[in-house]
Structures are given as C-alpha cells and as structure tokens.
Amino acid sequence: MFDGYDSCSEDTSSSSSSDESEEEVAPLPSSLPIIKNNGQVYTYPDGKSGMATCEMCGMVGVRDAFYSKTKRFCSVSCSRSYSSNSKKASILARLQGKPPTKKAKVLQKQPLVAKLAAYAQYQATLQNQAKTKAAVPVEGFSWGNYINSNSFTAAPVTCFKHAPMGTCWGDISEGVRVEVPNTDCNLPTKVFWIAGIVKLAGYNALLRYEGFENDSSLDFWCNVCGSDIHPVGWCATSGKPLVPPRTIQHKYTNWKAFLVKRLTGAKTLPPDFSQKVSESMQYPFKTSMRVEVVDKTHLCRTRVAIVECVIGGRLRLVNEESDDKTDDFWCHMYSPLIHHIGWSRSIGHRFKRSDITKKQDGHFDAPPHLFMKVKEVDAAGEFFKEGMKLEAIDPLNLSAICVATIRKVLADGYLMIGIDGSEAADGSDWFCYHATSPSIFPVGFCEINMIELTPPRGYAKLPFKWFDYLRETDSIAAPVKLFNKEVPNHGFHVGMKLEAVDLMEPRLVCVATVTRIIHRLLRIHFDGWEDEYDQWVDCESPDLYPVGWCQLTGYPLQPPAPQSSRDSQSSSSKQKKKAKSQQYKGHKKMTSLQLKEELLDGEEYSFLQGASDQESNGSASYYIKQEP
C-alpha cells in the first residue's frame, strides 16, 4: 500500500502546518493504493514562493519544487556537482593568495541574464518547430476522438483475460489519480503534474489535470499502460519536479494545501503497476519455434509452420516449406488452430508431411505446455457419433451458423465437422472442433435464440425445419447434454467498442463493435463495413482485444472503412450474388482476401432482435427440447 508522500527537501522531518491539511479520510474498500495525508507531503509548487533558477544547471522552475532547504538546486545531482565545484574554487582561491569565501562561486558559472537569453531562444526554437511540424494525415485514426465524438463505450480490459493486464487490471476506474507530463508548460525540461481519470476506454484514459475542475479544454487521452503514466508519489521518489499547468498556475495561492485536500483519500495506481505491465507482455513463444497449424488450403489437415515473429502474443507463422516466407498465417498463441508437433498423429488428425526431411538450423519444436489446454471429456460413455446433426459456425463464413454433420470422431474429444450442402467431395473442407468448443451448438439453438440458421445449399424445402430434415436424411440430432453450456461472466454489453481480428483476413486487427450477445456468443461488427462481414465470436476468443491494444503492442490498427470503400463494396456485393453458387470448391475456399469479397457476398441474413440477446451472463437455458 502506498503510504503517502515523501518530501523533496533534504530535511525529511519537516511537515506541513496543520491548517494546510485535511483530516485523514477513512480508506476506501479498494485494491488500489489510497493516498494518505500523514503529515509528510511533497513540497508542491507554492504560488507565494515564485520562480527559481538552479545555481548549477540554470534550469528555471517553480521555487517550491526545487531541492534542498534553500531551493538553490533543481535536483540532488546538481547540489552535489555544485558542492564539488565549490571545493575546487576554494582551493584555486587559496593558490591565488585570496581568502576563501563562505560561499565560493561555482567555476565557469554563467550569469543569470545569459541563462534567460538562452531560455528565450530555446522557446523560440520550439515555436518554430511547432509551426513547421507536418500535419496529421487525414486517414489517421484516433480512438479518443472517435469515442468522444460519438459518445461510445468501450469494453473494459477485464473482459480480455488473454490480453496484457487482463487478469490484474484491478479496479482502475474514473477518479484514479496519476502523475503525467505537464504539456501546458514553458519550462525547457520535462515536468509533471497530477491528473485524474475522467473516462476509461479499454487501455485508454481521458485525463484532466488537477485544478481544472469542470474545465475540459486541456483534457487528453493517454494509454494507461504507457511509459508516461505513473502512480502518485513517483515524482518524489524519482526526483522529478511537479509544476502546475501554465493556464491555472495563478488560480491558487497555495498549491500544496490544494493538492493535500484534493488527493487525501483518492486512489492511485499500484507502485508496481509498470512492472506488472511489463511482465504481462512477456510471451513464451519465440521466433524459430515449430508448430502444427491448420492448413489454410485444406482445412481438414495441419502442417508444420515456423514462428517468424511475435507481437502482443500474436504469431506470424510461415509455412516451413516456404522459401521466400510469403506463405504465412497470423493467429494468437492461444488460438485453437495451432498445436505442438505430434498433435495430429496423437489424435488421428490428417497431417501434411513436409518435403523438408530435416529441421533447419535454429528451428526447434515449441514445448507442448505452451499451447492452450482443452477440457477433458469422457468419450467412453455417451458421446458424439459420426452422422449426428448439429449447428456450427461456418469457419469459412463466420457470419453464418449452419446445418452441420459430425463426419469423424477423433481422439481426446476432437470432432471433424462438415457443413451440409457445401462439402467438397474429398472432405478437404471438414473442420476440427473440440467437443467443448463454443462454436458448435445443438439442434434448435438458432431457433430458440432467434438467429437465422443457414440451411444446406440447394435445400428447397423452406422455411427450414429440423424435424423434417432429420426425417428426410434419416439422421439423429446430437444430444443437448454433450454440448458446452458454460457461460462465463464475460462483462460484454451490446454497443461496446473493441479491437477485433478479421478472421477472414487474420493479419488485420480492426475497429469493431459488439452488436449482439447470445449468452457467451458475440456478434462482432467491423465499423464502416457492411453487416455481411460480421462474425460470430466466442466471448473468450483470443482474437478480441481492448481499445488501445494495438497502440500498446505496436500492432497496426485498421480504422473504420471510409464512405468510398463502403459504396464500392456494396455495389460489388450485388454484382457477385449471382456467382455465389460457384463458391465452396474445396481448397479454393481459403484464399484470404477472396473469402471476404466472394464467400461473404451472398444473400443477406437478417437477425431478429429479441429477448435472447443476453447482456447478463448467467447459465440460462438456451436450448430447446428436441422433437421426437
């Protein structure tokens, strides 16, 4: 627990007067540190004290923020340097036959007039640089502006357990105080001031400097996990000056009393917050590791790929046989699409053997413990069987939930699923789902939750009725009790903003919105694009991230599509509807960009908004009874 402020002066026993401090506020029920007033406070800038100039380096600043009792130096290092030079000056005076003075002048000390002139020149240079600075490109995207101008709400960081700080975000919320750089200042060096969180949007926080009250003119957005945000108390321990913004520097005559009153009992970040951020951004996967990944040209099999780079836990995998490293695939390290070497053989999954008979130098197999574990299932008792019918998210058209069939039962609870009416003759488009996967559903799931179920291609008896279809195909429905009915307390709500991977083009992370919630299933809409590009995603998918994730990790963010792109995609969609029947031809499905332009450009599905759109999380019954 952070235990108050340390004094910046050499006399740490000095304390503020009793009339300047408030009575101590009772601790708030929070895991965040509480700022206390224990009689020892920062020597905050005091309007009565005026400005001062460091006698060593010449820095100009608020006098009360300076070091030592006499406020002659801006830092400890300047004080020590001055002391060392004073001794040299005293010795030199003795050698010259002059009596030593009580305060010997520092050697080569510049006069104050010269310092002020240099400072004025420095300010003029800064102003010229600001005028010649390149303008922000029109296509530039700012989450802060986007959220402010539309009054959007972002999903909290705690919704994303796989993201940095997702499990240790605590109760960082509005009102938390932090120390940040003071950009409203004329000083030549970097100084800081205290700000409070006005609004949170994922990792991003809208901050307001203390003293501005209801004035939002200088509010600014900042990534909470960035290097420029610190807990209250960091400046004292780091020897950094706290200086009030120029706009309000004359608003109060005693800043120390003001801050003591404002900060006593407030919350701040934990002292080890930056360390936790750093630790949460350490990833076990390393470049040159070998993994098995779903073959994007034949979904029914896996192949060997090499980790080429790791960004924020996302892996760029390159086909081991690719000489120019252009045959790549992006996914998160917790994706169900990747496995350890030998996984396919262990469960009986098809595997494409590499033409490379020997490991290349430097390549090594990723340890099995690094991969996401699936829940164990009891396949010895009643379990899924070949030929059973169910509903499943189409891996090649993630906006659709389709009529599907279990084509093969593998070991360890894995199933090979085929989409009825769209399967290739050789089964090359069967897809592997685990029995506990949140992407497969029992017969009747879409009906009870008012989701449009995609019938088999070419099925003429519409509207589609499961009872009739099961009788016509002489099939049985997979028992409801075999499906995963667990609904976590995910925290998502309709309308929340986030950053989401376009799974049809998985190298792209885009600005997105949650538009529907069916228990643990989320409908993700990519801002600026047609609804037909929407995707059904599980609430715990590693392909969803908080607002600000791209900025934090350095991954490029795709902004909402401009109007011109929306118009072109709309006209293109109408032209390609006639060619829809030519799609779904085996391995031709997995051409990444064509998927979005061709596979998704079919008939539009309307999704009814009903009471089944769950914003709460509980394990409500969302399966209907199967007809006999």
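This report walks through salt bridges in a predicted model.

## Overall picture

Side chains of opposite charge can pair when their charged atoms come close. In this model, the count comes to 26 salt bridges.

## Arg 246 and Asp 184

Let's start with Arg 246, which forms a salt bridge with Asp 184; their closest N and O atoms are 3.7 Å apart.

Next comes the salt bridge between Lys 352 and Glu 321, at 3.2 Å from N to O. Here too, distant parts of the chain are linked, 31 residues apart: Lys 352 is in the loop between β14 (350-351) and β15 (364-365), and Glu 321 in the loop between β11 (314-319) and β12 (328-332).

Lys 352 is partly exposed, with a relative accessible area of 22%, and Glu 321 is partly exposed at 22%. Both residues also belong to a network of salt bridges with Asp 295, Arg 301 and Arg 303.

## A pair within helix α9

Finally, Arg 471 and Asp 468 meet in a salt bridge of 3.1 Å, N to O. Both lie in helix α9 (residues 466-472), three residues apart, or about one turn of the helix. Arg 471 is exposed at 55%, but Asp 468 counts as buried because its 17% relative accessible area is under the 20% cut-off.

Methods
Residues numbered from 1 in each chain as written. Predicted model: local features only at pLDDT ≥ 70, side-chain atom pairs only at ≥ 80, totals over all residues. Heavy atoms only, no water. Salt bridge = Lys/Arg side-chain N within 4 Å of Asp/Glu carboxyl O. Helix = DSSP H or I, 4+ residues; strand = E, 2+ residues; numbered from the N terminus. Buried < 20%, exposed > 50% of the residue type's maximum accessible area, 1.4 Å probe, protein only.
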